[in-house]
Amino acid sequence: MAKPPQRQRPTTPSHHQHFFALWLSRTCDLLALDARLIHSELELASCVQHGFPARSIEALVKHGIPDHEIFRSVISRRTFHRRQAQNENLTAEESDRAERFGRMLALAALVFGDEDRAARWLRQPIQRLDNRAPVEMLASSIGARVVEELLLQSYFGLVA
């Protein structure tokens, strides 16, 4: 029996622009940032440098990132609660780590077409990651790049 043809995603420049704009917008939404005020990765980088509000952490957990991963990889639970109580922003370093989680959840949602499926995928061990869950890889920037590459390859049909 023949395999059904794989769905090919359009690869025109306008499709790529739309895809990356949607990815940026969804990343902002998942981090509880106002996507109407952030139109480029450069502007998002500026937000990282100024520090995200503490509610960005709450938003990630609400959208399916396990809190133990957040408190292991982004910010300690104690520091988070202190920042929250004092209405302080995250540091640039904490914001950078939080952005990784938001960006990967947003990309996974675009790939899988559903945020719940994306969050489940991020939590499940994957053979191509030596049976580690993608969310575990997000503790480092190189690990996040590996996960991002895997998702982009899947989205654009480059993985068998």
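**Exercise 1. Find which residues line the largest cavity, and work out which elements supply them.**

Solution. In this predicted model, the largest cavity is lined by Phe20, Trp23, Leu24, Thr27, Glu41, Leu44, Glu99 and Arg103. A cavity here is a set of points, on a 1 Å grid over the protein atoms alone, where a 1.4 Å probe fits but cannot get out, and a lining residue has an atom within 4 Å of a point. Helices are DSSP runs of H or I with at least four residues, numbered from the N terminus. Sorted by class, the lining has 4 nonpolar, 1 polar and 3 charged residues, where Ala, Val, Leu, Ile, Met, Phe, Trp, Tyr, Cys and Pro count as nonpolar, Asp, Glu, Lys and Arg as charged, and the others, Gly among them, as polar. Lastly, about 60 Å³ of space lies in the largest cavity, a volume being the space filled by probe spheres set on the grid points, which are joined across faces, edges and corners.

As to the basis of these values, residues are numbered from 1 along each chain as its sequence is written, and side-chain values use heavy atoms, with hydrogens and water left out. Because the model is predicted, local features need pLDDT of at least 70 and side-chain atom pairs count only at pLDDT 80 or more, while totals for chains, interfaces and linings use all residues.

**Exercise 2. Describe how H2 is placed against H6.**

Solution. The axes, which are lines fitted to C-alpha atoms over the stretch in contact, come within 6 Å and cross at roughly 135°. Angles run from 0 to 180 degrees between N-to-C directions, and H2 is therefore oblique to H6, since angles under 35 degrees count as roughly parallel, over 145 as roughly antiparallel, 65 to 115 as roughly perpendicular and the rest as oblique. In the contact (heavy atoms within 4.5 Å), Leu44, Val48 and Gln49 of H2 meet Ala92, Ser95, Asp96 and Glu99 of H6.

**Exercise 3. Determine how H6 packs with H9, and then with H7.**

Solution. Begin with helix H6 (residues 92-112) and helix H9 (residues 141-155), whose axes lie 9 Å apart at an angle of about 15°, so that H6 and H9 are roughly parallel to each other. The residues of their contact divide into 11 nonpolar, 2 polar and 3 charged.

Technical notes
Helices (H or I, at least four residues) and strands (E, at least two) are DSSP runs, numbered from the N terminus. On a 1 Å grid over the protein atoms alone, a cavity is a set of points where a 1.4 Å probe fits but cannot get out, and a pocket is an open set with protein on both sides within 12 Å along at least five of seven lines; lining residues have an atom within 4 Å of a point.
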